[in-house]
Amino acid sequence: MLLNINNQAVNVIADPDTPLLWALRSEQRLVGAKYGCGKGLCGACTVHLDGQAVRSCSMPVSAAVGRRITTIEGIDTPEARAVKAAWRVIDVAQCGYCQSGQVMSACALLASKPAPSDADIDAAMSGNLCRCGTYPRIRAAIHLASRSL
């Protein structure tokens, strides 16, 4: 299957039902998206598909053919630069395991809603779980990123 990953055409040899996460991690060595729950519930595996945040652990790789896949390694948008800078300023990450998924969801939120309210942030980020409980810092970082756009 020919995939567009981080703006590069990549041939992936996998069963069509293989989760996109495994094609990214095992075949392409793009290990930023993490395996968490394997059911699309925790958000650790979040990537963008045509700019929308999706859970790559529960999406078959065949569903990504003909679409633009962006991983944490390849995201380079004004929103991504603002979010990454805000993450550093606020010192969001604790253990860090969920952070690539959190950043990808935050970028998708800001791309669609540049000035989100607390409720918007809570709704957009509700599918990304953080065992360390960094939610207040995540919300603060998204507000900071929003102000810098």
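I started with Cys132. Its sulfur lies 3.7 Å from the closest cysteine sulfur, in Cys95, which is too far for a bond. The cut-off I used for a disulfide is a pair of cysteine sulfur atoms within 2.5 Å. Cys132 is partly exposed, at 27% relative accessibility. (Buried means under 20% relative accessible area, exposed over 50%, partly exposed in between, with a 1.4 Å probe and protein chains only.)

I noted my ground rules next. This is a predicted model, where local features need pLDDT of at least 70, side-chain atom pairs count only at pLDDT 80 or more, and totals for chains, interfaces and linings use all residues. Residues are numbered from 1 along each chain as its sequence is written, and side-chain values use heavy atoms, without hydrogens and water.

How many disulfides does the whole structure hold? My search found 0. Cys45 is in no disulfide either, and the nearest cysteine sulfur, that of Cys57, is 3.6 Å away. Cys45 is buried, with a relative accessible area of 2%.

Then I turned to the fold. I found 5 helices and 5 strands in the protein chain. (Helices are DSSP runs of H or I, at least four residues; strands are runs of E, at least two; both are numbered from the N terminus.) From the N terminus, the order is β-β-α-β-β-β-α-α-α-α.

Of the 149 residues in the protein chain, 44% are buried. The C-alpha trace spans about 40 × 30 × 25 Å along its principal axes.
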